[in-house]
Amino acid sequence: MRAAILIQRWYRQYVSRMEMRRRHTWNIFQSIEYAGEQDQVKLYNFLGYLMDNFTPSSSERNLISHIFRENEVCRDPEWERYFCYKNIDVPAVYSGPRLIFPITIDQAAGLVEAFKNKQQLHSRYVLQLLLETWKLLRMLPNINRISTCHSKEITICGDLHGQLEDLLLIFYKNGMPSLDTPYVFNGDFVDRGKDSIEILLILFAFMLVYPGDVHLNRGNHEDHIINLRYGFTREVLGKYKLHGKRILKLLQKIFSWLPLATVIDQKVLIVHGGLSDMTDLAVISRVDRHRVSWRYDAGRWPLPMLVTASHNSSSAPLSPLNSNPVPRTALTPPMMNGNRQVSHLSEILDLLWSDPMDQDGCIANEVRGCGCYWGPDMTEKFLNKHNLQLIIRSHECKQEGYEFCHNRKVLTLFSASNYYEVGSNRGAYIRLGPDLVPYFIQYQASDMTRELTLRQSVGRTERSALKALREQLFAHKTDLLSAFQEFDKENTGMISLNNWATAVGNVLHLDLPWRTLRSQLVTTTLHDMLDYQDWFQELAIKEPSHVDQTVLDTLYRHRSTLETIFRIVDTDNSGLISFEDFRQTWKLLSAFLKMEITDEAISDLVVSIDTNKDGSIDIDEFMEAFRLVDRSSAPPSTASARIQCSSLSPKSSGSDRSLPSGKVGFAEGCLPCCC
């Protein structure tokens with residue numbers, strides 16, 4: 001009996017330790033993910049500011065104007081001619097699925113099977129399918145209202161994020177959409193995963209077959225600017241090289257027409273993000289959703305803008321603001337007698353970006369940089385006002401695939417399993433019957449997770465998170481060194497571990513328990529003192545020569561932001577930009593970051609990468625040249641795993657297109673949550 005008690009006690013302690021490690025790992029992944037989203041929102045606001053404050057002839061404005069430009073064709077017949085697929089021939093050797101419209105259930109099921117077998121749908125059929133989807137979406141209301149009366153249960157799915165294996169597993173376990181198996185998919189179909197376009201085509205096909213039984217809500221990633229950073233744009237252009245630009249343009253229009261919410265039996269609201277203290281379904285129902293653009297607003301609580309300039313000046317230098325926000329009505333809705341006047345965009349952003357919090361009230365969502373945090377009192381007020389009983393939302397990855405909060409009146413549902421790493425989380429979907437009580441089905445799409453023990457699963461995920469965190473630490477090396485020296489007034493090269501934790505927290509601005517994590521990030525100490533120069537050696541990289549240190553620091557720290565600007569500047573989506581556009585990109589980035597990068601430093605960077613002297617730069621290879629990778633040949637569990645920069649020598653970036661010799665460019669992002 002005593003032995004059994006000891007074993008039981010040991011096992012409980014073991015499980016507790018594993019759970020603590022898993023929570024720390026989760027916090028690392030989520031903190032880095034949200035920091036990336038905040039950077040993207042800041043960049044979006046910054047670019048919008050340039051559009052409003054520079055003359056049309058300014059070089060800065062010309063670089064970015066096309067992403068905010070009104071649609072080149074506005075009348076429906078002109079849209080159909082612009083995206084006409086009839087002049088695209090399907091070669092006889094094409095062995096993929098063929099579609100005949102109106103599409104049938106057999107063809108939709110055939111698409112699922114084809115994508116399961118790694119086949120690709122021809123661009124002619126893609127454009128035709130997207131055009132039919134656009135026509136259908138234009139007839140749908142902002143809020144779909146459906147009922148369980150016509151079927152036993154409605155299946156609801158959360159974020160999929162391009163993970164086709166999760167969608168296939170849901171269909172395998174639950175059945176494909178049909179009159180007897182209706183579905184609601186709650187946004188974020190794209191980005192991060194590698195099969196986003198396939199997921200969209202499957203969902204659109206089933207929606208065309210069963211328009212009253214397949215419902216799609218818009219997520220915050222159904223946005224063409226967000227797609228520039230998180231992979232969907234790159235995916236489409238890689239898979240559809242000839243017609244990818246037309247496909248993306250049509251998808252941009254489709255995303256703007258996606259419904260914003262779904263209500264089941266007048267009692268359950270399904271929305272991607274959440275709500276705020278100003279959310280009103282009556283107002284949402286009347287919004288002209290496809291005409292709302294971030295070009296005109298960025299929410300009720302925009303983050304402080306980073307630049308200012310003389311109005312309508314094309315040559316005025318950009319300079320940092322202090323603590324005062326930019327007086328720009330396009331970003332900050334006007335104040336009326338001290339009260340917020342909420343724009344239509346603010347209402348939509350709150351639906352797509354907001355998160356629940358434990359405390360009462362409604363505050364700015366500074367972690368994501370958009371939307372708000374709302375508390376249990378806001379939920380209660382909203383449900384009472386609209387006579388609802390439950391809010392189902394997605395937007396946040398949960399370890400078990402779902403999570404209740406606000407007295408079980410808010411349910412978060414996430415359907416992308418293994419989101420951060422294999423074994424990091426389960427996916428889930430729910431079935432909702434006439435009693436409106438959710439029935440949960442959890443899963444993990446990877447076979448590998450079933451082969452791992454608890455220790456192996458936690459260890460694998462933990463190693464991946466710590467690697468991402470070390471990359472973040474290296475990317476902030478210059479600022480960390482300055483912060484350490486503030487504590488080391490006598491220049492001994494040593495600081496206490498407590499001071500190390502304080503400095504790292506102040507520099508990285510990630511909400512992480514640094515004092516707890518230090519044992520995994522700091523391997524060598526003497527009497528609880530850290531030689532921070534030696535510690536930096538553990539994070540050392542093989543740095544390219546003849547490149548200014550400021551430029552290198554910027555590259556490593558703001559890699560995803562730089563790539564986003566490159567993709568914007570690359571107006572023809574060729575993957576190549578001129579030297580002049582390259583310089584202008586760095587000028588935009590330096591203004592955005594409130595830092596000075598000299599022309600000489602940029603020229604040196606150009607010289608170091610232009611090995612074939614052809615006058616252009618391949619974006620993919622350039623970014624790949626500065627990707628942080630594991631330097632150590634030791635197993636990944638080694639705490640002192642080091643980080644290095646990819647060689648600057650010409651090589652293939654790993655993309656599926658042929659790259660000219662001597663060009664340098666960029667592949668997948670190094671951080672697991674910033675792809």
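Helix α16 spans residues 477-487. Its buried residues are Leu480, Ala483 and Phe484, where buried means under 20% relative accessible area with a 1.4 Å probe and protein chains only. Helices are DSSP runs of H or I with at least four residues, strands are runs of E with at least two, and both are numbered from the N terminus. Seen down the axis of α16, the buried residues fall within an arc of 100°, so they line one face of the helix. The arc is taken from the directions between the helix axis and the C-beta atoms.

The model is predicted: local features need pLDDT of at least 70, side-chain atom pairs count only at pLDDT 80 or more, and totals for chains, interfaces and linings use all residues. Residues are numbered from 1 along each chain as its sequence is written, and side-chain values use heavy atoms, with hydrogens and water left out.

UniProt, in an unreviewed entry, places the feature "domain: EF-hand" at residues 475-510, 557-592 and 597-632. Such annotations may be inferred rather than shown by experiment. Residues 475-510 are 67% helix and 8% strand, with the end C-alpha atoms 14 Å apart. Residues 557-592 are 72% helix and 8% strand, and here the end C-alpha atoms are 13 Å apart.

The largest nonpolar core holds 59 residues. A nonpolar core is a set of buried Ala, Val, Leu, Ile, Met, Phe, Trp, Tyr and Cys residues joined through side-chain atoms within 4.5 Å. Leu121, Phe185 and Leu251 touch the most other members. Helix α7 (residues 196-209) gives the most to this core, with eleven residues. Contact means heavy atoms within 4.5 Å. Neighbours within four places in sequence aside, the contacts of Phe185 include Cys157, Leu160, Phe171, Leu203 and His215.

Six strands form an open, mixed sheet in the order β1-β5-β6-β12-β14-β13. Two strands pair if DSSP finds at least two bridges between them. The edge strands, β1 (143-146) and β13 (402-405), each pair on one side only. Neighbouring strands are turned by 20° against each other on average, direction ignored. β5 (residues 261-264) and β6 (residues 268-270) pair in the antiparallel sense over three bridges. Ile264 stands opposite Val268 in β6.

β13 and β14 also pair in the antiparallel sense, over four bridges. Phe404 stands opposite Leu411 in β14. The two strands β13 and β14 form a hairpin with four residues between them. In the turn, His406 has a positive phi of about 55°.

Conventions: Buried < 20%, exposed > 50% of the residue type's maximum accessible area, 1.4 Å probe, protein only. Axes fitted to C-alpha atoms, helices over the stretch in contact; angles between N-to-C directions.
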